[in-house]
Amino acid sequence: MPTVIITGATKGIGKAIADIFINNGFDIAICARNEKDLKDLQHTYQTHFPNAKVYTEAVDVADKNAIKAFGQNAITALGGTINVLVNNAGVYFPGDLMTEEEGVLEQMLATNLTSAYHLSR
C-alpha cells in the first residue's frame with residue numbers, strides 16, 4: 001500500500017487530509033499534540049479500514065528531537081518507504097507586535113517552519 005505521514009492530523013485541514021488518504025488506500029502515520037484525539041482517530045480508522053496500517057504518536061512538532069524521532073518511528077511503522085509527506089501542523093498567535101509575550105515568534109517559527117524542515121530531512 002502507498003504511505004503518507006501527516007502532521008497536525010486530528011483536527012481541521014489535517015484531519016480532512018488524513019481522511020482523504022486513508023479513504024484512498026494509504027497506510028498512514030499521523031501526529032498531533034493530543035494523545036486522546038490521536039487514539040480516537042486511530043480507533044475510527046482501524047474500525048473502518050481494518051487492513052490499513054495506522055501509526056499515531058503524540059508530538060510537539062516544535063521540539064526538533066521529537067519531530068525527528070517521529071519521522072523515524074513513522075518510517076519504521078510503515079515499512080521503510082514514505083510516498084507522501086504532508087507538513088500540516090501550524091500555529092498562529094494573533095496579537096500586537098509591541099505587546100505580545102516574549103517567545104511568540106520563536107514558537108511560531110519552530111512549529112510552522114523548522115518542524116517541516118526537520119521532518120522533511
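Is Leu38 buried or exposed, and what is its relative accessibility? In this predicted model, Leu38 counts as buried because its relative accessibility is 1%, under the 20% cut-off that the term requires. Leu38 is found in helix α2, and, when its neighbours within four places in sequence are left aside, it is in contact with Thr10, Ile30, Cys31, Ala32, Thr56, Glu57 and Ala58. The report below begins with the sheet and then turns to the cores, the helices and a few single residues.

**The sheet**

Four strands form an open sheet, in which the order is β3-β2-β1-β4 and the pairing is parallel. The edges are taken by β3 (54-58) and β4 (84-86), each of which pairs on one side only. Averaged over the sheet, and with direction ignored, neighbouring strands are turned by 10° against each other.

Strand β2 pairs in the parallel sense with β1 over five bridges, and β2 also pairs with β3 in the parallel sense over five bridges. Helix α2 lies across β2 and β3, and its direction makes an angle of about 175° with β3.

In soluble globular proteins, nonpolar side chains tend to be buried together. The largest nonpolar core of this model has 17 residues, of which Val4, Ile6, Phe21, Ile28, Ile30 and Tyr45 touch the most other members. Two or more residues of this core come from each of β1 (3-7), α1 (12-23), β2 (27-32) and α2 (35-48), and the most come from α1, which gives four. Tyr45 is in contact with Lys15, Ala18, Asp19, Ile22, Ile28, Ile30, Pro50 and Val54, leaving aside its neighbours within four places in sequence.

**Helices α3 and α4**

Two packed helices are described by the angle between their axes and the distance between the axes. For helix α3 (residues 64-77) and helix α4 (residues 104-120), that angle is about 35° and the axes are 9 Å apart, and α3 passes α4 in a right-handed crossing. From α3 the contact is made by Lys64, Ile67, Lys68, Phe70 and Gly71, and from α4 by Ser115, His118 and Leu119. Sorted by kind, the residues of this contact are three nonpolar, three polar and two charged.

Two of these contact residues can be followed further. His118, which lies in helix α4, is buried, with a relative accessible area of 18%, and it touches Lys64, Ile67 and Lys68 when residues up to four places away in sequence are not counted. Phe70, found in helix α3, is buried with a relative accessible area of 0%. Leaving aside its neighbours within four places in sequence, Phe70 is in contact with Ile5, Ala29, Ile30, Cys31, Tyr55, Glu57, Val59 and Leu119.

Tyr117 is also found in helix α4, but Tyr117 counts as partly exposed because its relative accessibility is 48%, which lies between the cut-offs of 20% and 50%.

**Separations in sequence and in space**

| Pair | Apart in sequence | Apart in space, C-alpha to C-alpha |
|---|---|---|
| Phe70 and Val59 | 11 residues | 7.3 Å |
| Leu38 and Gly71 | 33 residues | 16 Å |
| Tyr117 and Lys36 | 81 residues | 27 Å |

Phe70 and Val59 are also in contact, and Gly71 belongs to the contact of α3 with α4.

Key
Residues numbered from 1 in each chain as written. Predicted model: local features only at pLDDT ≥ 70, side-chain atom pairs only at ≥ 80, totals over all residues. Heavy atoms only, no water. Axes fitted to C-alpha atoms, helices over the stretch in contact; angles between N-to-C directions. Left-handed = near helix turned anticlockwise from the far one by under 90°. Contact = heavy atoms within 4.5 Å. Nonpolar A, V, L, I, M, F, W, Y, C, P; charged D, E, K, R; others polar. Core = buried A, V, L, I, M, F, W, Y, C linked by side-chain atoms within 4.5 Å. Buried < 20%, exposed > 50% of the residue type's maximum accessible area, 1.4 Å probe, protein only. Pairing = 2+ DSSP bridges.
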